[in-house]
Amino acid sequence: MKKFFSVKDVSSVADVVQEALALKAAPYDNQDLGQHKTLGLVFLNPSLRTRLSTQKAAMNLGMNVMVMNMDKDGWALETQDGVVMNGTTVEHIREAAAVMGEYCDILGLRSFPKLKDREEDYSEDLFNKFIKYCGVPVVSLESATRHPLQSLTDMITITEYKKTEKPKVVLAWAPHVKALPQAVPNSFAEWMCKAQEEGLVDFTIAQPMGYELSEEFTAGATISNNLEESLKNADFVYVKNWSSYQEYGEVYGVDEDWMMDNKKLNLTNDAKVMHCLPVRRDLELSSEILDGPNSLVIKEASNRVWAAQVVLKRMLEDLA
Amino acid sequence: MKKFFSVKDVSSVADVVQEALALKAAPYDNQDLGQHKTLGLVFLNPSLRTRLSTQKAAMNLGMNVMVMNMDKDGWALETQDGVVMNGTTVEHIREAAAVMGEYCDILGLRSFPKLKDREEDYSEDLFNKFIKYCGVPVVSLESATRHPLQSLTDMITITEYKKTEKPKVVLAWAPHVKALPQAVPNSFAEWMCKAQEEGLVDFTIAQPMGYELSEEFTAGATISNNLEESLKNADFVYVKNWSSYQEYGEVYGVDEDWMMDNKKLNLTNDAKVMHCLPVRRDLELSSEILDGPNSLVIKEASNRVWAAQVVLKRMLEDLA
Amino acid sequence: MKKFFSVKDVSSVADVVQEALALKAAPYDNQDLGQHKTLGLVFLNPSLRTRLSTQKAAMNLGMNVMVMNMDKDGWALETQDGVVMNGTTVEHIREAAAVMGEYCDILGLRSFPKLKDREEDYSEDLFNKFIKYCGVPVVSLESATRHPLQSLTDMITITEYKKTEKPKVVLAWAPHVKALPQAVPNSFAEWMCKAQEEGLVDFTIAQPMGYELSEEFTAGATISNNLEESLKNADFVYVKNWSSYQEYGEVYGVDEDWMMDNKKLNLTNDAKVMHCLPVRRDLELSSEILDGPNSLVIKEASNRVWAAQVVLKRMLEDLA
């Protein structure tokens, strides 16, 4: 595996999930694989779960880890070519990426969208240039349009907790006070659509009018503006807010009827409730659910380690 | 040991000090204990000594260490229940603590008081909730009301340098320009009172009127407003500033008569002088003392490693 | 080796370069040397290459690494003696350095000049006090007047890529928009002058009038204000901006005739082009050179690891 950026980077969702679960059962079996190998984690934006879980995964594999927080002022990267760098950017991504690639065997990069210019964000220009210039395998720690380690984690978690062969999974939009990226829902959707193709899940997306995701990620999904209807027979409800893709980055006001609570949970098949965290309690998701028996959010966060570990393991095997 | 928050978490001060000194004599004897174990250090406030010494202690024990600096803007934790999270807090401590507990075998937490509302600070609400929700052993790296790793360090240092069976130890208030927490003196007082009960020291507190600590921490101590009188026959003088507990967080002006200097040192039994650092030179404590033969401040800071190491060792033994 | 601050800390440039190249050929041969040894890296200013490469070098030697970023507000160090510390500095360098020396076997320090007061910057007061009070070997990670790990790296790179016994090396001033320190060119100059004494290079400095470096660093070099003339027969061109030493910290406007480009490269002996990075593209150095076959900048950055590793190895050998 040379990069882990989207679901296209795995040939079989089922296989990568089984390999992750095998690592969960025996976390330290591959310590030789990472010996003398260095993982560099580059954060252009803050991170809690992604940083800790990826660091843990790398240590489980015997790797060294170096963390670079470049989210501060003073290290603005230039990404455009042909620019005379007489302004505020201090280093071009061509040099910055190449240099980090010299010190690290594998790199991870987190870079959020600006939510101003859809074309710019969806071009994934920064990410693609980082991959191009660093010269080593790159793991996405969340990019402008996707969060693949989260989505792989989610599929691992669904596999662990499913009670039927082919559970019904609903991605349910939820209210928030800020304009959030589409990266998590895009990514979840493309992984679930692939899992559906493999016969692993039955996938539905429910969102208010105006919050339709790009079709690039949702082909094959059942899509609805009716949450109650969508929740019927659901085995898993994946709660998440996102801003508009059509009117890019727009938020149409918080509609509390879309908050997931016990009343809506009663419409489901005793569904397990998931969220990538951090979650706004009693705005996106009710406390009664988060503190109750149907919530998987902590176990889901815990599984981030195994998603990261299987990806790093595959990359290390390709390096060897 | 499931938590290390106050002196109540050790059954015998004498025993834990002896165990720490044994570790100092053979720092790497327990490297197997920490194999594949991860310590997470969470800082809501800055740290120099605590961070480095605890990290060193963990490495001595063969542990992995992950550091989370959450003192920056952008990761404000909600601690209250029943709040609709539509404001500036981005994550509830219920989730944040639980998730960190999934990635780490032991957690350390630093969280300073706000010095606005005594009841709130002294409830140690944040700390208690962190312990409750993370589900793993927690070491205090200084909380609103206590700094137990510092106090254990101080007792180790007193034990190493004492010339008599039961030395006289004086906690002496000193001037400062800022309103500082009572955590260090509270904690020192409760450890010395327990040590006094065990027959290890004779303990006196000297502070100006208005700076009395809470009786919760000082029961058994000799308390005085007369510094010169208190210093007579002292074997150790522990210099520290703190703000008022009664008029919570107040500072009554810098009284330089309370600065520790050679003239006052002459009143003692050639006492060793201690301070938790950082120290304001020639405001709290004179340069002549800090640079002279009676100062233990560097050796004391050095002993922070062994305090952290004995606590982590006991926690690891309980995990095993 | 007790400190690594200037070229005076190595007896032979040729020898240290050969030892570094031997480490490059066998990076993990000295892992026992660093066992149970801790490197502390203290940054008063930001760092990308220096931090990652030094961390990597230490890990290659089997050392533990602890990083302290003290570039933030809230940990201002006092360096003057005899000051009543009732202002904004929170800790004196006497204590801060001594404490870090207790936790670490070797320390690295980065501290940039303020470019206000030449005498203050060139006294290297902070650096010298840090060395004096910490009590352990210290590696400069760039100080007010020198960047020796960079210069050693540069000599390693020149040795690797030279095509003649004694190549002609030109340090060429280049334009910038900010006032930059003289540390990199000072240091490069003193290393090249020493290398010239050892018969390893032929060294020329070209800069506009007013940008003359201190003679302390340039004794023995050919110095010119004519870039085109200097570039003739050059085998290596080292491009770098710096502010004025004479009118300390001044910048006389960006003179684009001094930007290194292919037209100027044609004057050389097909010279390899070097830069310490970060580089301002098309301001200091043209993109056509950076993206072309004559650029060594990435390989040069990569060699930072071996410069750091040979220095740490020599310090560890002295500790043993």
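Which residue does the side chain of Arg146(B) meet in a salt bridge? The legends below take you through a predicted model, and that pair gets the opening view.

**View 1. Arg146(B) and Glu190(B) pair up inside chain B.**
Here the side chains of Arg146(B) and Glu190(B) meet in a salt bridge, at 2.9 Å from N to O. The two residues sit in distant parts of the chain, 44 residues apart. Look for Arg146(B) in the loop between strand S7 (138-140) and helix H6 (148-161) of chain B, and for Glu190(B) in helix H7 (residues 183-197) of chain B. Are these two residues buried or exposed? Arg146(B) has 6% relative accessibility, so it counts as buried. Glu190(B) also has a relative accessible area of 6%, so it is buried.

**View 2. Arg146(B) also forms a salt bridge with Glu216(B).**
Stay on Arg146(B) and find Glu216(B): the closest N and O atoms of this salt bridge are 3.5 Å apart. Glu216(B) belongs to helix H8 (residues 215-218) of chain B, while Arg146(B) is in the loop between S7 and H6, and the pair is 70 residues apart. Is Glu216(B) buried or exposed? At 51% relative accessibility, Glu216(B) counts as exposed, because the cut-off for that word is over 50%.

**View 3. In chain A, Glu142(A) and Arg110(A) make a salt bridge.**
Why do such pairs turn up at all? Side chains of opposite charge can pair when their charged atoms come close. In this view the side chains of Glu142(A) and Arg110(A) meet at 3.4 Å, N to O. Glu142(A) lies in the loop between strand S7 (138-140) and helix H6 (148-161) of chain A, and Arg110(A) lies in strand S6 (residues 106-110) of chain A, so the pair ties together parts that are 32 residues apart in sequence. Glu142(A) has 9% relative accessibility and counts as buried. Arg110(A) is buried too, with a relative accessible area of 5%. Over all chains, the count comes to 58 salt bridges.

**View 4. Chain B meets chain C.**
Now for a boundary between chains: 28 residues of chain B are in contact with 24 residues of chain C. About 2600 Å² is buried between chain B and chain C, and carbon and sulfur atoms give 61% of that area. How many salt bridges are there between chain B and chain C? The count is four, and one of them joins the side chains of Lys299(B) and Glu102(C) at 3.6 Å, N to O. There are also 12 residue pairs in polar contact between chain B and chain C. Which elements of chain B give two or more residues to this side? They are helix H2 (49-60), helix H12 (297-302) and helix H13 (304-319) of chain B. The largest share, seven residues, comes from H2(B). Sorted by type, the residues on this side of chain B are 14 nonpolar, five polar and nine charged.

**View 5. Chain B meets chain A.**
On this side, 24 residues of chain B are in contact with 28 residues of chain A. The area buried between chain B and chain A is about 2600 Å², with 61% of it given by carbon and sulfur atoms. Four salt bridges are counted between chain B and chain A. One of them pairs Glu95(B) with Arg281(A), with the closest N and O atoms 2.7 Å apart. Strand S3 (64-69), strand S5 (91-92) and helix H3 (93-103) of chain B are the elements that give two or more residues to the side touching chain A. H3(B) brings the largest share, seven residues. The residues here divide into 13 nonpolar, seven polar and four charged.

**View 6. A rotation superposes chain B on chain A.**

Definitions and conventions
Residues are numbered from 1 along each chain as its sequence is written. Chains are lettered from A and ligands numbered from 1 in the order in which they are written. This is a predicted model: local features need pLDDT of at least 70, side-chain atom pairs count only at pLDDT 80 or more; totals for chains, interfaces and linings use all residues. Side-chain values use heavy atoms; hydrogens and water are left out. Contact means heavy atoms within 4.5 Å. Buried area is the accessible area (1.4 Å probe) that two parts lose on being put together, summed over both. A polar contact is a pair of N or O atoms within 3.5 Å; within protein, one must be able to donate a hydrogen and the other to accept it, and residues adjacent in sequence count only if both atoms are side-chain atoms. Helices (H or I, at least four residues) and strands (E, at least two) are DSSP runs, numbered from the N terminus. Ala, Val, Leu, Ile, Met, Phe, Trp, Tyr, Cys and Pro count as nonpolar, Asp, Glu, Lys and Arg as charged, and the others, Gly among them, as polar. Copies are superposed by least squares on the C-alpha atoms of residues with pLDDT of at least 70 in both. Buried means under 20% relative accessible area, exposed over 50%, partly exposed in between (1.4 Å probe, protein chains only).
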